[in-house]
Amino acid sequence: MNFALTERQQAIHDQVGELGRTCFAPRAAAHEAAGRTPADNLDELFKAGLFGATIAAERGGLDGGPLHSDPLLPLLVVEQTARYCPSTAQSIHIHFNLSHRLDVVGTPEQRARILPGILKHGHLVNGTASEPGRTARGLYNLQTTAEKVDGGWLLNGHKNYATLGDVARWFTISAVIKGQKAPEGHLTFLVPAKAEGLRVIADSWNTYGLRAAYSPDLLLENVFVPDRDVLGEPGETARNKWQAKAHLSFAAQYIGSSEGIFDFLVDYLPKRGTAGDSYAQLRLGEMRIATDAARWMVYRAAWLWQAGDLAAAELFSMNAKYQAMESARLVIDRAPQIAGSSALAADSVLSRFLRDLRYQLLHENQDKTAATVGKYHLGQNFDVTARL
Ligand SMILES: Cc1cc2nc3c(=O)[nH]c(=O)nc-3n(C[C@H](O)[C@H](O)[C@H](O)COP(=O)(O)OP(=O)(O)OC[C@H]3O[C@@H](n4cnc5c(N)ncnc54)[C@H](O)[C@@H]3O)c2cc1C
């Protein structure tokens, strides 16, 4: 067993940490107030050569992501970004997951046409499956429809939570083929941001937390998508368990934000004069241990992906995500207790982290995650993509 990061992983970990300290943290309050994607922070990540973190080396990327040689690398970027700006971390997480999928599933023509824009010009890719009421209907049961017409498809529907909605060049949109049922009839499309009939509802994002992870509603009214912009085969999303490939980068966000809170406390408690208090020491130690426990589970899960044991990786990624959520909940409970109410002005760094982390925990269903692991151990049917 070797717990050390590779030289390249360590260098990128440190590079993003430096960007976080010098750029992301000082800008976080202004981005929260503006409620739009932190485009300047994303540009720093682009200039650092990280937009292709989940694209194959043979196509000019860094070969990260669950299906390439270095699954941990993009997780380190997401974790270190969340430590300073959770909204920027959610934004880059979406780009990493969707550009990985495009890289793996895309046709040679799609790759040749779209990937250079990501690598050389900083184009961003998002992905929107969510739509109002989806949780109750089931993950793949969408009301957005795709109708086959001459030379392509017509998309109609109402989406919500389109992260990167104001800056993405490509919107990856999921729909169900008219007259067919999910998951077999579920199909994914690459839609340019400027496509006719695609409308971002600009004022539909006004949230309690992660306010700068701008994720507005979308309206699709007869959006024509040519056949060449269909991503993958019908039913491919469920069949290849794409949702499971994102578990670890959610976990990386929970860990990174927990670290941000921990950093705050290590700086604040001595200044406040309470570092000698045995309860403060106890609670801080609990937070450290919980966050470390989650981190090593995430890193081990990344190692399972790297080893190519997909079934084990998918399942253990659920364990790791669960533990990262559980640890984050402990941090959310303990941190305000030892910081005290004086640290919790509405515009304080700690308040912002608590809001962002609590909100991001709603993105995934922790109970369903544990129940899935339970089903597996009872020999029952289980679905590693269950996340809502
Ligand atoms: C910051 C953020 C960014 C996001 N970005 C994206 C994105 O880029 N792309 C994308 O596709 N999606 C995105 N999502 C959406 C996410 O994947 C979920 O679809 C969305 O959060 C679900 O809506 P909701 O949180 O309002 O929960 P609801 O759908 O209102 O569900 C509320 C709760 O009901 C419970 N519940 C479980 N089963 C049922 C049931 N059968 N009936 C009723 N309730 C049930 C769940 O525990 C759930 O917590 C994002 C979400 C967040 C918070």
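This is a predicted model: local features need pLDDT of at least 70, side-chain atom pairs count only at pLDDT 80 or more; totals for chains, interfaces and linings use all residues.

Trainee: What share of the residues count as buried?

Mentor: Burial is judged by counting C-beta neighbours, and 20 or more within 10 Å make a residue buried. Here 49% of the 388 residues count as buried.

Trainee: Which residues touch the most other members of the largest nonpolar core?

Mentor: A core is read as a set of buried nonpolar residues joined to one another. The largest one here has 102 residues, and Leu155, Phe189, Ala251, Val298, Ala301 and Ala324 touch the most other members. Helix H10, residues 310-339, gives the most to this core, with 13 residues. Another core, of five residues, lies apart from it and includes Leu210, Ala212, Ala213 and Tyr214.

Trainee: With neighbours within four places in sequence left aside, what is Ala324 in contact with?

Mentor: Its partners are then Ala251, Tyr254, Ile255, Ala294 and Val298.

Trainee: Now the backbone. Where is there a cis peptide bond?

Mentor: Look at the omega angle. Between Ala182 and Pro183 omega is about 5°, and the bond is cis. Pro183 is in the loop between strand S4 (170-177) and strand S5 (186-192).

Trainee: And phi? Which value does Leu164 have, and where is this residue found?

Mentor: Leu164 is not glycine, and its phi is positive, near 70°. Leu164 is in the loop between strand S3 (152-159) and S4. Lys241 also has a positive phi, near 50°, and is placed in the loop between helix H7 (236-239) and helix H8 (247-272).

Trainee: Why does Leu164 count as buried, and why does Lys241 count as partly exposed?

Mentor: Apply the neighbour count again. Leu164 counts as buried because it has 28 C-beta neighbours inside 10 Å. Lys241 counts as partly exposed because it has 14.

Trainee: How is the chain divided into domains?

Mentor: There is domain 1 (7-123), domain 2 (128-235) and domain 3 (241-377). The centres of domain 1 and domain 3, taken over C-alpha atoms, are 21 Å apart. Their contact takes 24 residues from domain 1 and 23 residues from domain 3. On the domain 1 side, helix H1 (7-34), helix H3 (72-82) and H4 each supply at least two residues. That side divides into 13 nonpolar, seven polar and four charged residues.

Trainee: Last, the ligand. Which residues come nearest to it?

Mentor: Start from the shell of residues around the ligand. Of the 19 in this shell, Ser130, Thr135, Ala136, Tyr161 and Thr163 come nearest. By class, the shell has eight nonpolar, ten polar and one charged residues. Helix H4 (86-105), strand S1 (125-128) and helix H6 (134-137) each supply at least two of the residues. Domain 2 and domain 3 each give at least three.

Methods
Residues are numbered from 1 along each chain as its sequence is written. A nonpolar core is a set of buried Ala, Val, Leu, Ile, Met, Phe, Trp, Tyr and Cys residues joined through C-beta atoms within 7 Å. A residue is buried if 20 or more other C-beta atoms lie within 10 Å of its own, exposed if 12 or fewer, and partly exposed in between; C-beta atoms are placed from the backbone. Helices (H or I, at least four residues) and strands (E, at least two) are DSSP runs, numbered from the N terminus. Two residues are in contact if their C-beta atoms, placed from the backbone, lie within 7 Å. A residue is near a molecule or strand if its C-beta atom, placed from the backbone, lies within 6 Å of it. Ala, Val, Leu, Ile, Met, Phe, Trp, Tyr, Cys and Pro count as nonpolar, Asp, Glu, Lys and Arg as charged, and the others, Gly among them, as polar. Domain bounds come from an automatic or database domain assignment.
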